[in-house]
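Subject: Structure handover

Hello,

Here is the structure I promised to pass on. Please open it first, then read my notes below.

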Amino acid sequence: MAGIVVVFDFDKTIIDVDSDNWVVDGLGATEEFERLLPTMPWNTLMDTMMGELHARGKTLGDVAAVLRSAPLDPRVVAAIKACYGLGCDLRILSDANRFFIDTILDHHGLTGYFSEINTNPSAVDAATGRLRIAPYHDFHAGPHGCGLGICPPNMCKGQVLDRIRASAGAAGKRVIYLGDGRGDYCPSLRLGRDDFMMPRRGFPVWELICEDPSLLQAEVHPWADGAEMEETLLRLVGRVLLEERNLPPLDCKLESLPAVAVQDGMPMTLRIKN
């Protein structure tokens, strides 16, 4: 296995929308969502909205059907499968929730590619049949303690990334982190000099990084869409693999990735762009 951990945000990174907004809008509850938004934390609001949708007669199946229609760029799918085939340890770190993420990954056949999903827990209430969404960090019991002032009360992604890096499966490995939102800024500050940050260009985390790039130790490699994500991510993975073997990079766009990746779970030869 390669000495690389690739950590993906989910909303607007793996999928091209915010899954919370996608469900609320798709089930016709946008007006109520907007009315309640100023009154409570986002995580609490989404749990409240699941109760509101249930009261309107929307079932868990209705929620799942909307989630399965969320747009996911085929190039992102290809990048995930290629990185997995090259031996990378893939993980998700998201402020969405487990039911939303599992539903979408399962629909696209991607569940088995990720070794860990770090997100807000969710469960179906056995008595009512409605979906409950809880905070990753129980902020009602106390704050998570991050002093950056950007992380939402229910999740400090920087603290979660620290735990991932210290875990037995990731210790000593280089990290490639992909994200788009303000919550992805804290983990970007915790990456080391041998790591890579891939912020989505034009999104909040990119704007925060641009305010003072010197605060980051990791190399920054922005991307704008699925095609650029795939190209950039595979180029960085190929670079790390070459460095692990003490081989010089070749003069090609993907820096001579090893010849075998996967497509639809099967080995394939990567096309190297000169």
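K12 is partly exposed, because its relative accessible area of 32% falls between the 20% and 50% cut-offs. Before going further: this is a predicted model.

**Backbone at K12**

K12 sits in the loop that runs between β1 (4-8) and α1 (19-26). Its phi is positive, about 60°, although K12 is not a glycine. Most residues other than glycine have a negative phi. That makes K12 a residue to look at on your screen.

**Salt bridges**

How many salt bridges does a search of the whole structure find? The count is 18. Side chains of opposite charge can pair when their charged atoms come close.

Start with R35 and E32. Their closest N and O atoms are 2.7 Å apart, and the two form a salt bridge. Both residues belong to helix α2 (residues 30-36). They are three residues apart, so about one helical turn separates them. Are the two partners buried or exposed? R35 is exposed, at 53% relative accessibility. E32 is buried, at 18%.

Next, R91 and E116. Their side chains form a salt bridge with an N to O distance of 2.8 Å. R91 is in strand β2 (residues 89-97), and E116 is in strand β3 (residues 116-120). The pair therefore ties together parts that are 25 residues apart in sequence. R91 has a relative accessible area of 6%, so R91 is buried. E116 is partly exposed, with 21%.

Then R174 and E243. This salt bridge has an N to O distance of 2.5 Å. It links distant parts of the chain, 69 residues apart. R174 is in strand β6 (residues 174-179). E243 is in helix α10 (residues 226-244). R174 counts as buried at 18% relative accessibility. E243 counts as partly exposed at 33%.

Some salt bridges share partners. Which residues do they join into one network? The members are D89, R91, E116 and R163. The R91 and E116 pair described above is part of it.

D184 is in the loop between β6 and α8 (185-190). Is D184 buried or exposed? At 1% relative accessibility, D184 is buried, because that value is under the 20% cut-off. Its side chain makes a polar contact of 2.8 Å with the side chain of K157. K157 is also among the residues in contact with D184 once neighbours within four places in sequence are left aside.

**Packing of α5 on α10**

Two packed helices are described by the angle between their axes and the distance between the axes. For helix α5 (residues 74-85) and α10, the angle is about 15° and the axes are 8 Å apart. How do α5 and α10 run, roughly parallel or roughly antiparallel? Angles under 35 degrees count as roughly parallel, so α5 and α10 are roughly parallel to each other. α5 passes α10 in a left-handed crossing.

Which residues meet where the helices pack? From α5 come R75, V76, A78, A79, A82 and C83. From α10 come G226, A227, M229, E230, L233, L234 and V237. Helix α10 also carries E243, the partner of R174 in the salt bridge above.

Best regards

Terms used:
Residues are numbered from 1 along each chain as its sequence is written. This is a predicted model: local features need pLDDT of at least 70, side-chain atom pairs count only at pLDDT 80 or more; totals for chains, interfaces and linings use all residues. Side-chain values use heavy atoms; hydrogens and water are left out. A salt bridge is a side-chain nitrogen of Lys or Arg within 4 Å of a carboxyl oxygen of Asp or Glu. Helices (H or I, at least four residues) and strands (E, at least two) are DSSP runs, numbered from the N terminus. Buried means under 20% relative accessible area, exposed over 50%, partly exposed in between (1.4 Å probe, protein chains only). A polar contact is a pair of N or O atoms within 3.5 Å; within protein, one must be able to donate a hydrogen and the other to accept it, and residues adjacent in sequence count only if both atoms are side-chain atoms. Contact means heavy atoms within 4.5 Å. Axes are lines fitted to C-alpha atoms, for helices over the stretch in contact, and angles run from 0 to 180 degrees between N-to-C directions. Angles under 35 degrees count as roughly parallel, over 145 as roughly antiparallel, 65 to 115 as roughly perpendicular and the rest as oblique. A crossing is left-handed if the near helix is turned anticlockwise from the far one by less than a right angle, and right-handed if clockwise.
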